[in-house]
There are 2 protein chains.
Amino acid sequence: MPSRMVVARELGEIFKIIAHPDRIRLIEELRGEEKDVNTLAESLGLPGPRVSQHLSLLRAHRIVDERRDGRHHYYHLIQPEIADWIVDGLSFIEGKLAGISTSNIKAVRRLWASDAP
Amino acid sequence: MPSRMVVARELGEIFKIIAHPDRIRLIEELRGEEKDVNTLAESLGLPGPRVSQHLSLLRAHRIVDERRDGRHHYYHLIQPEIADWIVDGLSFIEGKLAGISTSNIKAVRRLWASDAP
DNA sequence: AATAAATCTGCGAAACTATGCAGATATGCA
DNA sequence: TGCATATCTGCATAGTTTCGCAGATTTATT
């Protein structure tokens, strides 16, 4: 079995997991610090169950992991570099982001790291 | 409208476009040189129409572009760096690739660049 | 003009994903 | 124990993507 096929299948898998705006925002929210489900649900303005489902998908694919403390479940990135890798993908979006110079990825990283609207 | 939402939506879009094994292989095939539809269909072992459909999706999202010469349509990557970025994603696949040390991404790049099975 | 090669387009069936909601667990506190 | 909080699970519906095939285009050749 051609290993390029296997590699392509695995890569396709991970791209598919990440390919959802909510999950991307979750990953970016977890950049740098762990957070619990409720906090995440509130910052993203999404219903709790939905966040929970996204998180368990991310967990099944070992993108995040969970730490329980009482009734809170804190999630964190297993490999924090993934947050940067995702944002790097912006280089390949052609001028679709009015107001954000597509060549300046660092600006977007800062945007995500900051508390700006 | 929070710009992080917009950014996440655009990123999700591009991830979704790439998130298919055939399209990933197409992009990797186009690493370094343009190729026509038939050549691509043969190397991937896929029916022509399917390759054509994948390519037009990639084209609609400005990942590839086309040059026509007679009845041949040659496709090439608009931003060749995308091929490397995609392969970088391998860092985030946890031990799913038996036989390929996940930490050694360069080996996989070589695999893709070479003609090995 | 007729034919062949290369590629594209359209369409229905099957497979997959997302969403919203209701109810199940599990934990902490009075 | 009983109640509130935090999170998870399951399910039905709606929506999207993929796939295979048939037919339409376009260009080169005879």
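Visitor: Which residue is the bridge partner of B:Asp36 in β3(B)?

Guide: The model is a predicted one, in which local features need pLDDT of at least 70 and side-chain atom pairs count only at pLDDT 80 or more, while totals for chains, interfaces and linings use all residues. Residues are numbered from 1 along each chain as its sequence is written, and chains are lettered from A and ligands numbered from 1 in the order in which they are written.

In β3(B), B:Asp36 has B:Tyr74 as its bridge partner. This bridge belongs to the antiparallel pairing of strand β1 (residues 35-36) with strand β3 (residues 72-77) of chain B, which extends over 2 bridges; helices (H or I, at least four residues) and strands (E, at least two) are DSSP runs numbered from the N terminus, and two strands pair if DSSP finds at least two bridges between them. β3(B) is also joined by 6 bridges to strand β2 (residues 64-69) of chain B, again in the antiparallel sense, and here B:His76 of β3(B) stands opposite B:Asp65. With 2 residues between them, β2(B) and β3(B) form a hairpin, and B:Gly70 in its turn has a positive phi of about 60°.

That glycine leads on to the DNA, since B:Gly70 is listed with A:Asp36, A:Asn38, A:Pro49 and A:Ser52 as coming nearest among the 19 residues around DNA strand D, where a residue is near a strand if its C-beta atom, placed from the backbone, lies within 6 Å of it. The elements giving two or more residues to this surface are α3 (37-44), α4 (48-60) and β3 (72-77) of chain A, together with α4 (48-60) of chain B, and α4(A) gives the most, with 6 residues.

Turning to how the two chains meet, 37 residues of chain B are in contact with 38 residues of chain A, contact meaning that the C-beta atoms, placed from the backbone, lie within 7 Å. On chain B, α1 (3-18), α2 (21-29), α5 (81-88) and α6 (105-113) each give two or more residues to the side that touches chain A, and the largest share, 13 residues, comes from α1(B). Chain B is superposed on chain A by a rotation of 180° with 0.0 Å of shift along its axis (RMSD 0.1 Å), fitted by least squares on the C-alpha atoms of residues with pLDDT of at least 70 in both; the two copies are thus related as by a two-fold rotation axis. The copies meet through the same surface, because 100% of the interface residues of chain B are also interface residues in chain A.
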